[in-house]
Amino acid sequence: MIKKKLAIVGIVGVPANYGGFETLVEYLLDLLPKFYDITIYCQSQSYPDKVDTYKGAKLKYLNLKANGVQSVIYDSVSLWKSIKGFDYILILGVSGAITIPFIKPFTRAKVITHIDGLEWKRDKWGAFAKRFLKFSEAVAVKYSDAIISDNKHIYDYVQEEYGKDSHLIAYGANHVTNVDPALYQKKYSFIHKPYIFTVCRIEPENNIEMQLKVFSENELDIPYVIVGNWNSSDYGMRLYREYSTKKNVILYNPIYTSEELNVLRSNCHYYLHGHSAGGTNPSLVEAMYLGLPIIAFGVNYNRGTTFNQAIYFNDSIELLQQLSRLEEFDREAISRDMYKLAKKNYSWKAINKKYVNMLKSL
């Protein structure tokens, strides 16, 4: 059987070492290569070894940056390189979506865009960038052959804002595992005691500064541990300088070894998720699959992902109130609910099948 050809654009690349879209592609490659001949466009500088294939997919490298302002060029060049020889083009994010109407006359490929939450709402962007991303989103919805929404709130938004149906496909999370804390007790002396944990990119819309202020300015008996890319921006470096010396705050740079990251996640007392923008966030569904009791910023995206079964806050006052009454919550019941919901809704096998069915429907 001759496989149809699928190009994937819009990510740093694989093996995954950056963010949610990269993790998505990493685990889509566990099944999709059985059905499709896949080519993935990658950021050259992130992969010095430049292997030709990975998990059955061909890799092509571009000497451009996949994130920030240059992402528009990176995605656009990837799209132009995909116009011949492919049956499907999967675009992850809307940065380069303005190119879609220009390539459509030159390709027979069906174009699918995963709109990555509402990127234009993120606080890290200035006014011009927000307007551009909102315009790109509109172009993507209008000119793509299919749209993927990873969250019911975004699915409803696409329907209400543009009058168009999308494919509701979230992320998987069953790649995460619980790790025995005894393996790392020498490195992390707090591992056997209660602590609050967060892993995320250090960006304004993730409410990191608000959370750090609550822990550092109040007499809370429990430490706050964060793993993030502190050195990637002036914002992150400022927060690190200001809060790394606070007595009940512990800050770590990115940890790319899954076992070491999972030992910190799986043994925390509560997982704190402050994201205020986006859709179904991978770190949140991973925390759910680990059976962690979750305290989440109360936006619709997070409530939808956790099916309104977590603990929520909307500002620093509410966060402090929730942290001050942790003993009042049924921690074990919340943990069970999170795991059951994740097992039912966020398995990679189910997510892969949804992508196959979506492509077949085109």
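Q: At what angle do H1 and helix H13 pack, and how far apart are their axes?
A: Bear in mind that this is a predicted model. The angle between H1 and H13 (residues 348-361) is about 85 degrees, and their axes are 10 Å apart. Since 65 to 115 degrees counts as roughly perpendicular, that makes H1 roughly perpendicular to H13.

Q: Which residues meet there?
A: From H1 you have Thr23, Leu24, Tyr27 and Leu28, and they meet Trp348, Asn352 and Tyr355 of H13.

Q: What about helix H6 and helix H7, at what angle do they cross?
A: Roughly 5 degrees, with the axes of H6 (residues 208-217) and H7 (residues 234-243) coming within 11 Å. Angles under 35 degrees count as roughly parallel, so H6 is roughly parallel to H7.

Q: Switching to charges: how many salt bridges does the count come to?
A: The count comes to 14 salt bridges. One of them joins the side chains of lysine 55 and aspartate 30, at 2.9 Å from N to O.

Q: Which parts does that lysine 55 and aspartate 30 pair tie together?
A: Lysine 55 is in the loop between strand S3 (53-54) and strand S4 (57-62), while aspartate 30 is in the loop between helix H1 (20-28) and strand S2 (36-43), so the pair links parts that are 25 residues apart in sequence.

Q: S2 again, then. Where is aspartate 37, and what does it touch?
A: Aspartate 37 is in strand S2. Leaving out residues up to four places away in sequence, aspartate 37 touches Lys3, Lys4, Lys5, Leu6 and Lys58.

Q: Backbone next. Which peptide bond is cis?
A: The one from valine 14 to proline 15, where omega is near 0 degrees. Proline 15 lies in the loop between strand S1 (4-9) and H1.

Q: And what's phi doing at lysine 50?
A: Phi of lysine 50 is near 50 degrees, which is positive in a residue other than glycine. Lysine 50 is in the loop between S2 and S3.

Q: Last topic: what volume does the second largest pocket have, and how many residues line it?
A: The volume of the second largest pocket is about 270 Å³. Its lining has 13 residues, and Ile222, Leu323, Ser324, Leu326 and Glu327 lie nearest the centre. By class, the lining of that pocket has seven nonpolar, two polar and four charged residues.

Technical notes. Residues are numbered from 1 along each chain as its sequence is written. This is a predicted model: local features need pLDDT of at least 70, side-chain atom pairs count only at pLDDT 80 or more; totals for chains, interfaces and linings use all residues. Side-chain values use heavy atoms; hydrogens and water are left out. On a 1 Å grid over the protein atoms alone, a cavity is a set of points where a 1.4 Å probe fits but cannot get out, and a pocket is an open set with protein on both sides within 12 Å along at least five of seven lines; lining residues have an atom within 4 Å of a point. Grid points are joined across faces, edges and corners, and a volume is the space filled by probe spheres set on the points. Ala, Val, Leu, Ile, Met, Phe, Trp, Tyr, Cys and Pro count as nonpolar, Asp, Glu, Lys and Arg as charged, and the others, Gly among them, as polar. Axes are lines fitted to C-alpha atoms, for helices over the stretch in contact, and angles run from 0 to 180 degrees between N-to-C directions. Helices (H or I, at least four residues) and strands (E, at least two) are DSSP runs, numbered from the N terminus. Angles under 35 degrees count as roughly parallel, over 145 as roughly antiparallel, 65 to 115 as roughly perpendicular and the rest as oblique. A salt bridge is a side-chain nitrogen of Lys or Arg within 4 Å of a carboxyl oxygen of Asp or Glu. Contact means heavy atoms within 4.5 Å.
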